[in-house]
Amino acid sequence: IDLDKLPIKRIEAIEESGVEHFPSEISNEETRLNAIRRVDFSSIIWPWQSLVENLRQAHQELNVVIDLINTVEANDAVTVAWMQRPKQLPNEVLSDLSVSAATKLQWLRHLGRYFKQSSKALDQQVSREARFYGSLIRLQHNWKVKRQRGNESFTIDLQDNSILDGPRPSSLSTVRIDEDSTGILAVQRPLKSCHSLCLGFLGEDKKDALTDNQCVKDTHSTLREIHQSIFQEQVFDMVNRETWNPSPGVNMTGMREDFLRLAIGQETSICLYLVPSGKPDPVSLEIYLQYLFHETVLIKAREKGGSLLGHFCLTIAHRIFSKKVLSKLETLVGRVPYLHLLSHPTWSSRTSSWSVSLKVPQSILHSGRSHFHTKVVVNNDQISVSAEGAPSIIGSFRGNATNVCSINSYGCDLEDLPMTILQQVASQVILWLHEEASVVGMKASQDFLSLKFNLDQGETLSLVAHIDPHDVRGCISWWLIVDHGEEGQLSAERTFLGYLTLQVLYSTVMDLVSFCS
């Protein structure tokens, strides 16, 4: 059963005299017709019919409104009387209050969401600015930070203005610092800011989100790379200008942009060039060249009569020659098990020094010398050898076994160096064995490379060292020779003992002492 709601008595019109007119009562027939109109016939009526009826009804209503407006405009006597708004019912008041409260609540929610978004954006901006300017202040402790006029960008000046007569100013001296979207420092690298100075010998092969601290550290590293590139370009420019001044033994054989080729003497050629840096490890000669530039240009400490390029090229020639000497010494020490090679600092770029150490075993009765040293010094391309505890060569040839020189010092060339070292080492071993034999009371005579024991009937027993720097099995071998003292005849008997260690040599000498006594 469908029961219609009771109709609300609405005022249809109010006359000027105050008489109210109410709408007429709805008859049962109209009620029945209204109930029939509620039935949905859309499933059986043509679909566009309802749309056409709605448009027709809207057109009629619009015509009524237009006629009313035209009538009011045309007739000045027509006025709208003041009417008092009918008093709302309680449910209507509650409905209006609910709608108003819901609207205000919705607006308050929108306003809170807006304030929340604005606060978040403001916090991000403050954090970003604090991050950027905090990092910039930390950079200012080590670098000259300047602010650009008219904008918010900053630059760092890497040019050293304290040098009045120094090298020409570099185009890389101004580096721009920007701020990215997260407040991190962004360094705008200039072109050619990653150049590094390299030295090569011709014909030879040369062996997630960042924290503030990481950001500042990376920026420091980038600025140091650019600053180093400026310095190395100044070094290259200085060498380039030095090549136009004549230097003894140095000739320029090639030149192009960022490249120089120099000939040092008749055998050595070097090339000096600027290349894009991949963070290579600088070799010592590059560091030394930069040190010379620093001493010559920045500190004004150039020696009288010398030049940066000439001194540097002589240093290169010495370095090449000293490597050859070191290679000879390493090969020699590697073939003799009781030798050790020591390197000594000289604090000079054109002087190198090493010592070949001979460590002898200690006997029970003898507690004297335990080491012998042979020192090798290379000054430019000159070799000098100083042997400790070796007998004098002249004295040994004269047959004077007691003529022992504490230090023998003389020069030699590169080819004779291995033989010279072996002679000194062998004579040091002979000296040590002679001292050990003397301790036990045996009289023996010492020659340069032999130890002799006198036997009965004029016979002589000798322990002789044989040296050969090209012998890969061992450069020092030992022979036992018995001379029967018969003149004019080949009466000597030779026995090859082999490549003996010092312990075996000591035992052999003790056996000879027992045999001779």
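Which residues in helix 3 meet which residues in helix 4? Before selecting them, note that the model is predicted.

**Whole protein.** Start with everything shown as a cartoon. The protein has 9 helices and 20 strands. Of its 517 residues, 32% are buried. Switch to a surface view: the protein exposes about 34,300 Å², and carbon and sulfur atoms supply 54% of that area.

**Helices 3 and 4.** Select residues 90–140 for helix 3 and residues 212–242 for helix 4. The two pack with their axes 10 Å apart, at an angle of about 45 degrees. Helix 3 is therefore oblique to helix 4. The crossing of helix 3 past helix 4 is right-handed.

Now show side chains where the two helices touch. From helix 3, pick R131, S135, R138 and L139.

**S173.** Next, select S173, in the loop that runs between strand 4 (154–157) and strand 5 (174–179). Is S173 buried or exposed? Its relative accessible area is 11%, so S173 counts as buried, the cut-off being under 20%.

Display what surrounds S173. Apart from neighbours within four places in sequence, S173 is in contact with I156, D157, L158, Q159 and I230. Of these contacts, take D157 and draw a distance between its C-alpha atom and that of S173: the separation is 5.7 Å, although the two residues are 16 residues apart along the chain. Finally, select I230, another residue in contact with S173.

Technical notes:
Residues are numbered from 1 along each chain as its sequence is written. This is a predicted model: local features need pLDDT of at least 70, side-chain atom pairs count only at pLDDT 80 or more; totals for chains, interfaces and linings use all residues. Side-chain values use heavy atoms; hydrogens and water are left out. Axes are lines fitted to C-alpha atoms, for helices over the stretch in contact, and angles run from 0 to 180 degrees between N-to-C directions. Helices (H or I, at least four residues) and strands (E, at least two) are DSSP runs, numbered from the N terminus. Angles under 35 degrees count as roughly parallel, over 145 as roughly antiparallel, 65 to 115 as roughly perpendicular and the rest as oblique. A crossing is left-handed if the near helix is turned anticlockwise from the far one by less than a right angle, and right-handed if clockwise. Contact means heavy atoms within 4.5 Å. Buried means under 20% relative accessible area, exposed over 50%, partly exposed in between (1.4 Å probe, protein chains only). Accessible areas come from the Shrake-Rupley method with a 1.4 Å probe; for residues, only the protein chains shown count as cover.
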